Amino acid sequence: MRQSTPDNYKNYQNHQDLIRQLITLLAVVGSFLVNIALNIFPPYGLSLDAVYEKFYKGVLIIPANYAFGIWGLIYLGLFTLAIYQFLPYKRKDEDLRKTGYLLVITCIFQSIWLYLFLSRFFILSVVAMFGTLAPLMVIYHLLRIGRKRISGRKKLFLHIPVSIYLSWTSVATMVNVACVLYFYGWNGWGLNHQVWAVIMLVVAATIATLIIINCNDIIYVYVTFWILIAIAIRHSSIDLVRNLGIFLPIICLVVALIKRSRD
């Protein structure tokens, strides 16, 4: 009977690493192409912003249109990450091995989410959104972002793209849930839309503050800052939402600067 040898195992591991690298690269490219296609040819002819305008005008935590331009930065980060992890000398990188196919799962669910949301399967879109968020959270934890000393290159090409994507997706999940509850006429346990908007803004700012305190991740805070300001701008006619959308990011930024000055 043929016995396995260390060399056989090594070759098998290298083969598995190469497959993971290739699938991760294809997942990022595929996700990008699917998103482009769905934005150019959306189901039912309604773009993402048109869906928000038609069905969710009363949701007070949807950011201004310009905020969605961050997807350019998100995909730039994902492409650099995909290329970085595909480099031959990164094949045996332990961090990349630990995260495995989690980024692939995230990319798949993100594409599914966009299709479902544009197709008005709003409840299912929430499931897909959590399918996008959960793997990102696990990646963030496994990489110990902000809590582990790494090279500048690894931070730029691996940690920062994950931080940007996670911060955006965290707030987007709250927006998605709020939209679905609004669409199906949830009464908010008797609280009006402004009160719930305040609660969601505070939750987003609190998460960002905890991230900077525990993980010293300034990038995560910057993205949350970007979203909250965009919410304030879109709903500038509502004093409470506008003022809180400006005030909370300033508090987050002050906490971040204080934390960094003490490190």
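The paragraphs below take the helix contacts, then the pockets, then the cavities.

This is a predicted model, in which local features need pLDDT of at least 70 and side-chain atom pairs count only at pLDDT 80 or more, while totals for chains, interfaces and linings use all residues. Residues are numbered from 1 along each chain as its sequence is written, and side-chain values use heavy atoms, with hydrogens and water left out.

The axes of helix 5 and helix 6 come within 8 Å and cross at roughly 160°; axes here are lines fitted to C-alpha atoms, for helices over the stretch in contact, and angles run from 0 to 180 degrees between N-to-C directions. That angle makes helix 5 roughly antiparallel to helix 6 (angles under 35 degrees count as roughly parallel, over 145 as roughly antiparallel, 65 to 115 as roughly perpendicular and the rest as oblique). The crossing of these two helices is left-handed, meaning that the near helix is turned anticlockwise from the far one by less than a right angle; clockwise would be right-handed. Contact means heavy atoms within 4.5 Å. On the helix 5 side the contact residues include Phe-109, Trp-113 and Phe-117, and on the helix 6 side they include Phe-122, Met-129 and Pro-135. By class, this contact has 17 nonpolar, five polar and no charged residues, where Ala, Val, Leu, Ile, Met, Phe, Trp, Tyr, Cys and Pro count as nonpolar, Asp, Glu, Lys and Arg as charged, and the others, Gly among them, as polar.

Helix 5 (residues 102-118) also meets helix 2 (residues 48-55), with axes that come within 10 Å and cross at roughly 45°. Helix 2 and helix 5 are therefore oblique to each other, and their crossing is left-handed. Leu-48, Val-51 and Tyr-52 in helix 2 touch Trp-113, Leu-114, Phe-117 and Leu-118 in helix 5. The contact holds seven nonpolar residues, with no polar and no charged ones.

A further contact joins helix 3 to helix 7. Their axes lie 9 Å apart and the helices pack at an angle of about 140°, which makes helix 3 oblique to helix 7. Helix 3 passes helix 7 in a left-handed crossing. Among the residues that meet here are Trp-71, Leu-78 and Tyr-84 in helix 3 and Phe-157, Pro-161 and Trp-168 in helix 7. The contact divides into 14 nonpolar, two polar and two charged residues.

Grid points are joined across faces, edges and corners, and a volume is the space filled by probe spheres set on the points.

The largest pocket has a volume of about 520 Å³. Of its 27 lining residues, Leu-48, Phe-68, Trp-71, Trp-113 and Trp-168 lie nearest its centre. Helix 1, helix 2, helix 3, helix 5, helix 6 and helix 7 each give two or more residues to this lining, and helix 7 gives the most, with seven. The lining has 17 nonpolar, nine polar and one charged residues.

The second largest pocket has a volume of about 310 Å³. It is lined by 18 residues, with Ala-178, Leu-181, Trp-186, Trp-196 and Met-200 nearest its centre. Helix 7 supplies the largest share of this lining, five residues. By class the lining has 14 nonpolar, four polar and no charged residues.

There are two cavities of 30 Å³ or more. The largest cavity contains about 120 Å³ of space, and its lining includes Arg-20, Thr-24, Gln-85 and Leu-158. Seven nonpolar, four polar and one charged residues make up this lining. The second largest cavity contains about 40 Å³. Its lining has nine nonpolar, no polar and no charged residues, among them Ile-61, Met-174 and Met-200. Helix 7, helix 8 (193-215) and helix 9 (218-234) each supply at least two residues of that lining.

Notes
1 Å grid on protein atoms, 1.4 Å probe; cavity = no way out; pocket = protein on both sides within 12 Å on 5 of 7 lines; lining within 4 Å. Helix = DSSP H or I, 4+ residues; strand = E, 2+ residues; numbered from the N terminus.
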